[in-house]
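Please look over the structure below before you read my notes.

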Amino acid sequence: MKVLLINGSPHQEGCTYTALSEMAAQLEKRGVETEIFWIGNKPIRGCIDCKSCWGKGACVFDDDCANTCIQKIIAADGVVIGSPVYFGGIAGGLKCLLDRVFYDAKRLYSHKPAAAVVSCRRGGAGSTFDAINKYFTISSMPVVSSQYWNSVHGDRPEEVRADKEGMQTLRLAADNMAWLLRCREAAGVEPFEREVRVKTSFYKPEG
Ligand SMILES: Cc1cc2nc3c(=O)[nH]c(=O)nc-3n(C[C@H](O)[C@H](O)[C@H](O)COP(=O)(O)O)c2cc1C
């Protein structure tokens, strides 16, 4: 069993990493393998809605980590996505990445348990947490919860480590992720067959 933890901060070992490391250590304690994947601090393209990915599960642009990220999520049993809060939302580079990583390939992530983690100095944790969870809940990914909404507060790793409640919340999220993965493994129950996807837009057809 393996959980992929995506560090969406431009800082390789900053606050988001510190939060994800707490989860990774707890997952390992429960016998779950982990990998923290840093998206880096080089430019990441946004989605241009060219639809080239449709049916392929891969982005046409192969000059950043989007396709690597897709493959890593497919290979993982569970996923954690961590972001610093930028102006009350997901950090720009990560947002660009997630739009492309989830646009078509989300159908390949069904039923993988997922959790969001956010790091902020002061405010905007809730809206950022909600925004990341949107990617999971459009992808049939069960959202793993905790005792609070997974956020830590700090501008530096040592401040995050001092956020005792935040760190405890992350350890419980990790335990709940490990528990869900064990349940899945033990039960061996396959998901139900899915209906063919219906897509309607919000307009009234003529006639
Ligand atoms: C462009 C920018 C915007 C930010 N906006 C917010 C914000 O809206 N709310 C907040 O509490 N912190 C904000 N911060 C601070 C970071 O979210 C915070 O320091 C975070 O813990 C950094 O995580 P990292 O070390 O993993 O990058 C912002 C930082 C930057 C660089």
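**Notes on the model**

1. Start with Arg107, which is partly exposed because 13 other C-beta atoms lie within 10 Å. The cut-offs are these: a residue is buried if 20 or more other C-beta atoms lie within 10 Å of its own, exposed if 12 or fewer, and partly exposed in between, with C-beta atoms placed from the backbone. Arg107 sits in the loop between α3 and β5. Its C-alpha atom is separated by 6.2 Å from that of Ser139, although the two are 32 residues apart along the chain.

2. A word on the source. This is a predicted model, in which local features need pLDDT of at least 70 and side-chain atom pairs count only at pLDDT 80 or more, while totals for chains, interfaces and linings use all residues. Residues are numbered from 1 along each chain as its sequence is written. As for the element names, helices (H or I, at least four residues) and strands (E, at least two) are DSSP runs, numbered from the N terminus.

3. Ser140 has a positive phi, near 55 degrees, and is a residue other than glycine. Find Ser140 in the loop between α4 (125–137) and β6. Ser140 is partly exposed, with 14 other C-beta atoms within 10 Å.

4. Phe87 also deserves a look. Its phi is positive, about 50 degrees, although Phe87 is not a glycine. Phe87 lies in the loop between β3 and β4 (89–90). Is Phe87 buried or exposed? Phe87 is exposed, because 10 other C-beta atoms lie within 10 Å.

5. Turn to helix α1 (residues 15–29). Its 15 residues should span 21 Å at 1.5 Å a residue, and the end C-alpha atoms are 21 Å apart, so the two agree. The expected span is 1.5 Å times one less than the number of residues in the helix. α1 is mostly covered, with twelve of its 15 residues buried. Among them are Cys15, Tyr17, Leu20 and Ala24. Gly31 follows α1 and has a positive phi, near 85 degrees.

6. Helix α6 (residues 164–187) is next. α6 has 24 residues and reaches 34 Å from its first C-alpha to its last, close to the 34 Å expected at 1.5 Å a residue. Its buried residues include Gly166, Thr169 and Leu181. What covers the buried residues of α6? The cover includes β1 (2–7), α1, β3 (78–86), β5 (114–120) and β6 (151–153). Gly188 follows α6, with a positive phi near 55 degrees.

7. Now put these two helices together. The axes of α1 and α6 come within 8 Å and cross at roughly 40 degrees. That makes α1 oblique to α6. Axes are lines fitted to C-alpha atoms, for helices over the stretch in contact, and angles run from 0 to 180 degrees between N-to-C directions. Angles under 35 degrees count as roughly parallel, over 145 as roughly antiparallel, 65 to 115 as roughly perpendicular and the rest as oblique.

8. Which residues of α1 meet α6? They are Ala19, Glu22, Met23, Gln26 and Leu27. Two residues are in contact if their C-beta atoms, placed from the backbone, lie within 7 Å. Glu22 is buried, because 23 other C-beta atoms lie within 10 Å. Beyond its neighbours within four places in sequence, Glu22 is in contact with Met167, Leu170 and Arg171. Glu22 and Ala174 are 152 residues apart in sequence, yet 8.6 Å apart in space, C-alpha to C-alpha.

9. One more helix pair is worth checking. α2 and helix α3 (residues 92–103) pack at an angle of about 55 degrees, with their axes 9 Å apart. That makes α2 oblique to α3. This crossing of α2 and α3 is right-handed. Ala66, Cys69 and Ile70 in α2 meet Leu97, Arg100 and Val101 in α3.

10. Finish with Asn67, in helix α2 (residues 66–75). Asn67 is partly exposed, with 19 other C-beta atoms within 10 Å. Setting aside neighbours within four places in sequence, Asn67 is in contact with Ala58, Cys59 and Asp62. The C-alpha atoms of Asn67 and Val101 are separated by 7.2 Å, and the residues are 34 apart along the chain.

Technical notes
Left-handed = near helix turned anticlockwise from the far one by under 90°.
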